[in-house]
Amino acid sequence: MRLVLVVPPAAQPITLTEVKAHARVSHDDEDLLLQHYIDAATAWLDGPAGILGRCLVTQTWRAEVDAISGPIRLPFPDTVIDSAVFIDPAQGDLVFDLRWPDQLPVLIPRKGLDRPAAITFTAGSGAPADVPTAIRQAMLLLVTQWYEHRQVTGTGTALPFAVEALLAPYRRIRL
């Protein structure tokens, strides 16, 4: 399955203004640097490559399947399926049952195995203000730490304890 971002989030979970207030930055000299840190924190947490395994702010994705061989597991919780169609529409629409085992949506096709399909879906919490407060706070802590400690501060890859603790309830463990 190939995932394609169709409509990106309208905004990021945290704003430059929030970061500057949290980091106690009163000048505009390093706005670009702070924005890069916000972008990096968002990319690290959000979407299919993010460590949380979910979309933070509402965004639209398309899952393209070369040939349906069985159930199709979509990658994010908090998913609403906008459309599911065969890429080759000659034999009609994709008809499926939807199940939610383990909080992830699974499409079970009723017909059309071995045919390519595209599933367009919306995932995410909603607006930036709808992102859980703990995730937003973890992002503020992370961006502020990166801003205050611009050099490598250790040899390990461990997160600061507060960030890890705030994110833990929202992480999906992939086995």
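The model is predicted: local features need pLDDT of at least 70, side-chain atom pairs count only at pLDDT 80 or more, and totals for chains, interfaces and linings use all residues. Residues are numbered from 1 along each chain as its sequence is written, and side-chain values use heavy atoms, with hydrogens and water left out.

**Nonpolar cores**

A nonpolar core is a set of buried Ala, Val, Leu, Ile, Met, Phe, Trp, Tyr and Cys residues joined through side-chain atoms within 4.5 Å. Buried means under 20% relative accessible area, exposed over 50%, and partly exposed in between (1.4 Å probe, protein chains only). The largest nonpolar core has 23 residues, of which Leu45, Ile135 and Leu167 touch the most other members. Two or more residues are given to this core by each of α1 (16–23), α2 (31–45), α3 (133–148) and α4 (161–167); helices (H or I, at least four residues) and strands (E, at least two) are DSSP runs, numbered from the N terminus. Helix α3 supplies the largest share, seven residues. Beyond its neighbours within four places in sequence, Ile135 is in contact (heavy atoms within 4.5 Å) with Leu45, Leu52, Leu56, Leu167 and Tyr170. A separate core of 16 residues includes Leu74, Phe76, Leu94 and Ala117.

**Aromatic contacts**

The structure holds three aromatic pairs. Rings of Phe, Tyr and Trp (its six-membered ring) pair if their centres lie within 6.5 Å; planes under 30 degrees apart count as stacked, over 60 as edge-to-face and the rest as tilted. Two of the pairs are tabulated.

| Pair | Centre to centre | Angle between planes | Class |
|---|---|---|---|
| Tyr37 and Trp146 | 6.1 Å | 55 degrees | tilted |
| Phe76 and Phe121 | 6.2 Å | 50 degrees | tilted |

Because Tyr37 lies in helix α2 and Trp146 in helix α3, their pair ties together parts 109 residues apart in sequence. Tyr37 is buried, with a relative accessible area of 15%, whereas Trp146 is partly exposed at 26%. Phe76, in the loop between β3 (72–73) and β4 (79–86), and Phe121, in strand β7 (residues 117–123), are 45 residues apart.

Two strands pair if DSSP finds at least two bridges between them. An open sheet of three strands has the order β3-β6-β5, with antiparallel pairing. Strands β3 and β5 (96–99) stand at the edges with a single partner strand each, so one side of each has no neighbour in the sheet. Two bridges join β3 to the antiparallel strand β6 (residues 106–109), where Val106 stands opposite Arg73.
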